[in-house]
Amino acid sequence: MTLDTAYIRGSMAAILSVLQHSSCPQNIAFHFVASATANATFLRATISSSFPYLNFRVYPFDDSSVSRLISTSIRSALDCPLNYARSYLANLLPPCVRRVVYLDSDLVLVDDIAKLAATPLGDDSVLAAPEHCNANFTTYFTPTFWSNPSLSLTFANRKPCYFNTGVMVIDLDRWREGDYTTKIEEWMELQKRIRIYELGSLPPFLLVFAGNIVPVDHRWNQHGLGGDNFRGLCRDLHPGPVSLLHWSGKGKPWARLDANRPCPLDALWAPYDLLETPFALDS
């Protein structure tokens, strides 16, 4: 997971949910990536005070390495360099870390993460995530992209589907072997010259991986609970069982609870809130 002061409240809730629903919490190691300019001492102390026995390490991420590649997107929060840290995990984590489950900070698990971590990746897949093949894939890229044959042919021999990059099982050995960080950076460099997408760190992942991932049951990412990227309206759960609730989108449960304007499903996040502000429930 990434770690910063803006989302620390969400991160703490996510950590607690992982531990509470794990059959062997002592077996879980957390790898946190924080900006190299962040107050790492404060971040470590915040985690240690609530989870004194947690097995974790904080890795500094040099924002400047990716800042030059970031293009403005439809929501300023998506342009934070730390949003792109998921593309650099293979470089940041030591070689002995061969597989990880990447999680965003705006989610909670209600199932054992070991089940997700054990997802078989087959002979050559690099990552696994829930796919959403009913989503209109063309909307993730601009008309400029689709009208350029040399670009749109990227997906010629694939059946690409949208997947949310907030929950992924990643084989870091295969990532390193395939140098996928460079492949993602190449698309970001092209985006600086020709605007081929609007949505921050997601489209480069789709360009490199869509159609070549191992699909995971949708229960492992009930996403979109934060509404869309503009208004953050309340949403219902998708049909079916739930193992993970994800408040992707503009509306975050802690902000809505503090403002006394929660959505109904925010009540499912609240029990994991360890950093609740004292005045939030006064009225």
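Start at D179, in the loop between α8 (172-178) and α9 (180-193). Helices here are DSSP runs of H or I with at least four residues, and strands are E runs of at least two, numbered from the N terminus. This is a predicted model, in which local features need pLDDT of at least 70, side-chain atom pairs count only at pLDDT 80 or more, and totals for chains, interfaces and linings use all residues. Residues are numbered from 1 along each chain as its sequence is written, and side-chain values use heavy atoms, with hydrogens and water left out.

**Positive phi**

Stay on D179. Its phi is near 50°, positive in a residue other than glycine. D179 is partly exposed, at 40% relative accessible area (buried means under 20%, exposed over 50%, partly exposed in between; 1.4 Å probe, protein chains only).

Jump to N260. It sits in the loop between α11 (253-258) and α12 (266-269). Phi of N260 is also positive, about 55°, although N260 is not a glycine. N260 is partly exposed, with a relative accessible area of 40%.

**The sheet**

Select β1, β2 and β3. They form an open sheet of 3 strands in the order β1-β2-β3, with parallel pairing. Two strands pair if DSSP finds at least two bridges between them. At the edges are β1 (2-3) and β3 (55-61), each pairing on one side only. Strand β2 (residues 29-35) joins β3 in the parallel sense over 7 bridges. Pick S35: its bridge partner in β3 is F61.

Axes are lines fitted to C-alpha atoms, for helices over the stretch in contact, and angles run from 0 to 180 degrees between N-to-C directions. Now show helix α2 (residues 40-50), which lies across β1, β2 and β3 and runs at about 165° to β3.

**Aromatic rings**

The structure holds 20 aromatic pairs. Rings of Phe, Tyr and Trp (its six-membered ring) pair if their centres lie within 6.5 Å; planes under 30 degrees apart count as stacked, over 60 as edge-to-face and the rest as tilted.

Select F30 and F32. This pair is stacked, 5.6 Å centre to centre with 15° between the planes. F30 is buried at 7% relative accessible area, and F32 is buried at 0%.

Next, W175 and F209. Their pair is tilted: 5.4 Å centre to centre, 40° between the planes. W175 lies in helix α8 and F209 in helix α10 (residues 202-209), so the pair ties together parts 34 residues apart in sequence. Both W175 and F209 are buried.

Finish with one aromatic cluster: F137, Y140, F141, F145, W146, F155 and Y162.

Note on methods
Contact means heavy atoms within 4.5 Å.
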